[in-house]
Amino acid sequence: MARSPLWLPPLALLLLLPPPPALPALPAGCAALGRCCPGRDPACISTGRRPDGSTGPCYCDQECGRALDCCHDYARTCPAIPCVVSQWSAWSGCAEPCQAAPRVRRRHIVRGPRNGAEPCPALEERAGCVRYRAGPGAPCQQALIPAFITTGGFGKARKKRAAADGKERAGYCVEFQLVAITPGCLRSLLWHTRWMRHLREGHVVCVECQHLALHARSHHCSGDGTGSTTNQLLHWQAVGNPRCKGTWRRIRQLDSCSCPSVHSFLFI
């Protein structure tokens, strides 16, 4: 008599089925690698998920942001650390007396940028510098001193004051050819600075040195260019607008002063 097939309960059948496949391991990333690498470093590699959801090799160097192959946890594990610099040093003194030369100030890096942070700012700044005295009681030549000028319209008030004091004396005028003018002259909007907008490169201007502006010892106005050489560039600055300045060349001095009403200025 044949044997009937072996009968097993449903629970026993379930136990004989193969186990389900193992779940994939969690992404490794930069935290598992334990490194945050500067620059571009192909050896700074891990495995796991990238920010776009793809899987495979990923990187933990600071160039991965540009290559779009960072590990998913790069921003959290390797945050950008900005550069830290010291305070500026004091400005250096002028290199030589009575000479236009740069002065310098510097700062240093306290902590460099890391993990793709912005580069450090400039560590050195330079600015123009002129020391107007060679020593105690020894002024520089007039050619090195910048001229401070204002519109000739203020000349009448000066002369009235000098006449009232009984000190009115003849001054002189100097003709200059304007060489360079900063754009700040065109942005003079206040009523008392509008005259600056009429300054033009190449124009010849007449600047009057009135008695009240004369130095007691030198009998010259500051910045009149006395002692300058032919074609030497001299500096001027408009009073009332520090952004309006430039250079000019001295043409000649007029002892009999008669500046025209147009392009007429005063030494301060």
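## Cysteine links

A disulfide here is a pair of cysteine sulfur atoms within 2.5 Å. By that rule, a search of the whole structure turns up eight disulfides. Before we visit some of them, a word on the ground rules: this is a predicted model, where local features need pLDDT of at least 70 and side-chain atom pairs count only at pLDDT 80 or more, while totals for chains, interfaces and linings use all residues. Residues are numbered from 1 along each chain as its sequence is written, and side-chain values use heavy atoms, with hydrogens and water left out.

Let's start with Cys37 and Cys44, whose sulfur atoms sit 2.1 Å apart in a disulfide. This link is right-handed, with 80 degrees about the S-S bond. Burial is judged by relative accessible area (buried under 20%, exposed over 50%, partly exposed in between, using a 1.4 Å probe and protein chains only). Cys37, at 4%, is buried, and Cys44 counts as buried at 0%.

## Links across the chain

Helices and strands are named from DSSP runs, numbered from the N terminus (helices are H or I with at least four residues, strands are E with at least two). The disulfide of Cys58 and Cys71 has an S to S distance of 2.0 Å. Its torsion about the S-S bond is about 85 degrees, so this link is right-handed. It ties together distant parts of the chain, 13 residues apart: Cys58 lies in strand S2, and Cys71 in the loop between helix H3 (64-67) and helix H4 (74-77). Both Cys58 and Cys71 are buried.

Cys185 is buried at 1% relative accessibility, and Cys244 is buried at 0%.

Two strands count as paired if DSSP finds at least two bridges between them. Strands S1 (residues 45-49) and S2 (residues 55-59) pair in the antiparallel sense over five bridges, and Gly48 has Gly56 in S2 as its bridge partner. Five residues lie between the strands of this hairpin, where Gly53 takes a positive phi near 95 degrees.

## The barrel

Six strands close into a barrel with mixed pairing, in the order S9-S12-S13-S10-S11-S14. On average, neighbouring strands of this sheet are turned by 45 degrees against each other, direction ignored; axes are lines fitted to C-alpha atoms (for helices over the stretch in contact), and angles run from 0 to 180 degrees between N-to-C directions.

One of the pairings joins S9 (residues 147-151) to S14 (residues 264-267), antiparallel over three bridges. Within it, Thr150 stands opposite Leu266 in S14.

## Nonpolar cores

In soluble globular proteins, nonpolar side chains tend to be buried together. A nonpolar core is a set of buried Ala, Val, Leu, Ile, Met, Phe, Trp, Tyr and Cys residues joined through side-chain atoms within 4.5 Å. The largest one has 24 residues, and Ile149, Phe176, Leu199, Val207, Trp236, Trp248 and Phe267 touch the most other members. S9, S10, S11, S12 and S14 each supply at least two residues of this core, and S10 gives the most, with five.

Apart from this core lies another, of ten residues, including Cys60, Cys64, Cys70 and Cys78.
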